[in-house]
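Subject: Structure handover

Hello,

Here is the structure I said I would pass on. Please open it first; my notes on what was found follow below.

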Amino acid sequence: MHTLFDPVHAGDLQLANRIVMAPLTRNRSPNAIPPTIAATYYAQRASAGLLITEATAISHQAQGYSDVPGLYGTEQLDSWKNVTHAVHAAGGKIVVQLWHVGRVSHTDLQPDNGAPVAPSAITAKTKTVLIKDGVPAFVDTSAPRALRADELPGIVHTYQVAARNAVETAGFDGVEIHGANGYLLDQFLKTGANQRTDDYGGSIENRARLLLEVTRAVTSAVGGGKTGIRLSPVTPANDVVDADPQPLFDYVVRELATLNLAYIHIIEGATGGPRELPDRPFDYAALKAAYREAGGKGAWMVNNGLDQSLAEKEVAAGADLVAFGRPYIANPDLVERLRIGAPFSEGNKATWYGGGAEGYTDYPALST
Ligand code: 8OZ
């Protein structure tokens, strides 16, 4: 039986252990450019088998929060190059999470202060973060406009360009497509946000079309072995729900099985909340079985609210990778703490979003 500390491969990625740093939004990238200290922050955490960056906008339109990073400008890519160099020098592996927020945005953040885009013109009952004069504030998202079908190829292409730039220019080991948490691709997937009547709405096949087109475009640019994807079948995050998620996600993973991906990253339950939702049962073992039965060979990564004992149980039950999010904020040496059974430090919530080094690069490793 495997332990958390055994090496594993995920597609082309040879990983030193099964512990993954989950993506964590930190809002420290003014003008969408990661700060110089992002290199320190990620390198401090490089003992993880795999680091996944914070969600990173593939275009200006894809941005939905103040001071989140992007992947579409030269300075952004140069700054990410410093991050990947630092992580590689520290012996780590790092992929970037490709993000389009869809309707979870605000006109203040959009090109020409236009409406955010969405599958349908339905406003999300959720908040975004706007930082004014250094002070973060939660504000309602703006009313979106429905994307025209003729705009979708451009969005697919934008994902592809971002993926290629991430690997070829910025030096990432691969990319993770953000298909979770109520953002654009999840909005297309789920009935609560998608009321389209064209080829991208209605049936499961139609609602999954954009996510699968994006994944194919990304794999054709960087290779399936360098591509992962994150899904969240039942999370209520950002006000997106599906009437019948099991057949939807079983279909999605069966289709993904044909693309030879590095990994499938599943958020079990409500993101950052309960792992079980009594009103939304979901069979994750059946989801994995559907993927494997369809020939999927990617690593199976599980996430959400894991502690040491849950993570060990997940690996014992056959998960290839376990992702920790919030514990990574205050525990740069999480792998070592898991190895020796040391307690996790508590982070300061006030410094999760926005600010500088405080609460970012100043959490110490255990003293030896
Ligand atoms: C927390 C705050 C802002 C964004 C996600 C990208 O939930 C996020 C996010 C999380 O996937």
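I begin with the pocket lining. Four elements each supply at least two residues of the lining of the largest pocket: strand S5 (94-99), strand S7 (127-132), strand S14 (321-324) and helix H10 (327-330). S7 provides the largest share of that lining, with three residues. Please keep in mind that this is a predicted model.

The largest pocket has a volume of about 900 Å³. Its lining comprises 35 residues, and those nearest the centre of the pocket are Asn181, Thr271, Gly272, Arg326 and Tyr353. Sorted by class, the lining of the largest pocket contains 17 nonpolar, 14 polar and four charged residues.

Around the ligand are Thr25, Ala55, Tyr65, Trp99, His178, Asn181, Tyr183 and Tyr353. Taken alone, the ligand exposes 300 Å², and the protein buries 79% of that area. The shell around the ligand has five nonpolar residues and three polar ones, with no charged residues.

Two side chains in this shell are worth a look. His178 has a polar side-chain atom 2.7 Å from an oxygen atom of the ligand. For Asn181, a polar side-chain atom lies 2.8 Å from an oxygen atom of the ligand.

Asn181 also comes up for its backbone. Its phi is near 55 degrees, which is a positive value in a residue other than glycine. Where in the chain is Asn181? The residue lies in the loop between strand S10 (174-178) and helix H4 (184-189). So that you can find the other entry of this kind in my notes: Asn113 has a phi near 55 degrees, again positive in a residue other than glycine. Asn113 is in the loop between S5 and strand S6 (117-118).

There is also a second largest pocket, with a volume of about 210 Å³. The residues lining the second largest pocket are Arg326, Pro327, Ile329, Ala330, Asn331, Phe344, Ser345, Glu346, Gly347, Lys349 and Trp352. By class, they divide into five nonpolar, three polar and three charged residues.

Asn181 is one of the residues around the ligand, has a polar side-chain atom 2.8 Å from a ligand oxygen, and has a positive phi.

Regards

Technical notes:
Residues are numbered from 1 along each chain as its sequence is written. This is a predicted model: local features need pLDDT of at least 70, side-chain atom pairs count only at pLDDT 80 or more; totals for chains, interfaces and linings use all residues. Side-chain values use heavy atoms; hydrogens and water are left out. A residue is near a molecule or strand if one of its heavy atoms lies within 4 Å of it. A polar contact is a pair of N or O atoms within 3.5 Å; within protein, one must be able to donate a hydrogen and the other to accept it, and residues adjacent in sequence count only if both atoms are side-chain atoms. Accessible areas come from the Shrake-Rupley method with a 1.4 Å probe; for residues, only the protein chains shown count as cover. Ala, Val, Leu, Ile, Met, Phe, Trp, Tyr, Cys and Pro count as nonpolar, Asp, Glu, Lys and Arg as charged, and the others, Gly among them, as polar. On a 1 Å grid over the protein atoms alone, a cavity is a set of points where a 1.4 Å probe fits but cannot get out, and a pocket is an open set with protein on both sides within 12 Å along at least five of seven lines; lining residues have an atom within 4 Å of a point. Grid points are joined across faces, edges and corners, and a volume is the space filled by probe spheres set on the points.
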